[in-house]
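User: Could you walk me through this one? I have a few quick questions.

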Amino acid sequence: MTPPSTPRDGTAVAHESELRADAERNRERVIAAARRLYAREGLGVSMAAVAREAGVGKATLSRRFATREELITTVFADRMDGYAAAVTTALADPDPWRAFTGYVHTVCAMQAADRGFADVLTMTFPAAKALEARRAQAYHGFLELITRAKNSGHLDSEFTDQDMPMLLMANAGVIAATADAAPDSWQRLVAYMLRAFATPGTETPPLPPAPTPRALYRAMVRLGRSTPTNAPREDDSLDT
């Protein structure tokens, strides 16, 4: 015969509740720390560096996020929602060329605002199904933007959807290289590329001013001193 169960006392219940609350606080601290580091330094930041920034141990971090990909997916979920929403907004614009150029500029601006997101847009994460679903949604919307812009006669017929990832890669590189030394340089790159994408005679956005020689020199010095993201680090033991 099974003995009757004994209700747990209030102390045990309160203790379990506090443990859950503590675990959730640690999770939020990790997410906030990763968001700060990724935005400032890109995805080359190690998991161990995130743990230090969050003020938690490596074991605590690995319990919350078993892999680097899982952490990246969580941190950038809202950014990817915004990325998908941008193409929806563009498709609602009745002017096909303005919709196309506006979308390209919006996405590149999102890259400039967050170095980590600049990296995310030039990489794929096959196991991150929610993130990749947003990417696919944006991609299919962009195909429609391309078709409309070509049919309007403003987008060069040789433009393909593969030109956008190349632009994003180039933009990510400029953003990483110029950083705070010449932070608006990406806008000039994008303006030049939109001119290249346009058919002759099509009106294009004005060309922003070039960075000053001093700003560009600072950016080049900074880039020369930076550590490549693929260089080995002593604190990468948590990376997967």
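User: Which residues of helix 10 are buried?
Analyst: In helix 10, the buried residues are S185, W186, R188, V190, A191, L194 and F197, where buried means under 20% relative accessible area with a 1.4 Å probe, protein chains only. This is a predicted model, in which local features need pLDDT of at least 70, side-chain atom pairs count only at pLDDT 80 or more, and totals for chains, interfaces and linings use all residues. Residues are numbered from 1 along each chain as its sequence is written, and side-chain values use heavy atoms, with hydrogens and water left out.

User: And what covers them?
Analyst: The cover includes helix 6 and helix 9, the latter spanning 163-178; helices here are DSSP runs (H or I, at least four residues) numbered from the N terminus.

User: At what angle do helix 6 and helix 10 pack?
Analyst: They pack at about 150 degrees with axes 11 Å apart, the axes being lines fitted to C-alpha atoms over the stretch in contact and angles running from 0 to 180 degrees between N-to-C directions. Helix 6 is therefore roughly antiparallel to helix 10, a label for angles over 145 degrees. Contact (heavy atoms within 4.5 Å) involves residues including W97, F100 and V104 of helix 6 and W186, V190, L194 and F197 of helix 10.

User: What else does F100 touch, leaving aside neighbours within four places in sequence?
Analyst: Its partners include F142, L145, I146, A149, L155 and F159, as well as L194 and F197.

User: Changing topic, where is A179?
Analyst: A179 lies in the loop between helix 9 and helix 10, and its phi is near 40 degrees, a positive value in a residue other than glycine.

Definitions and conventions
Buried means under 20% relative accessible area, exposed over 50%, partly exposed in between (1.4 Å probe, protein chains only). Helices (H or I, at least four residues) and strands (E, at least two) are DSSP runs, numbered from the N terminus. Angles under 35 degrees count as roughly parallel, over 145 as roughly antiparallel, 65 to 115 as roughly perpendicular and the rest as oblique.
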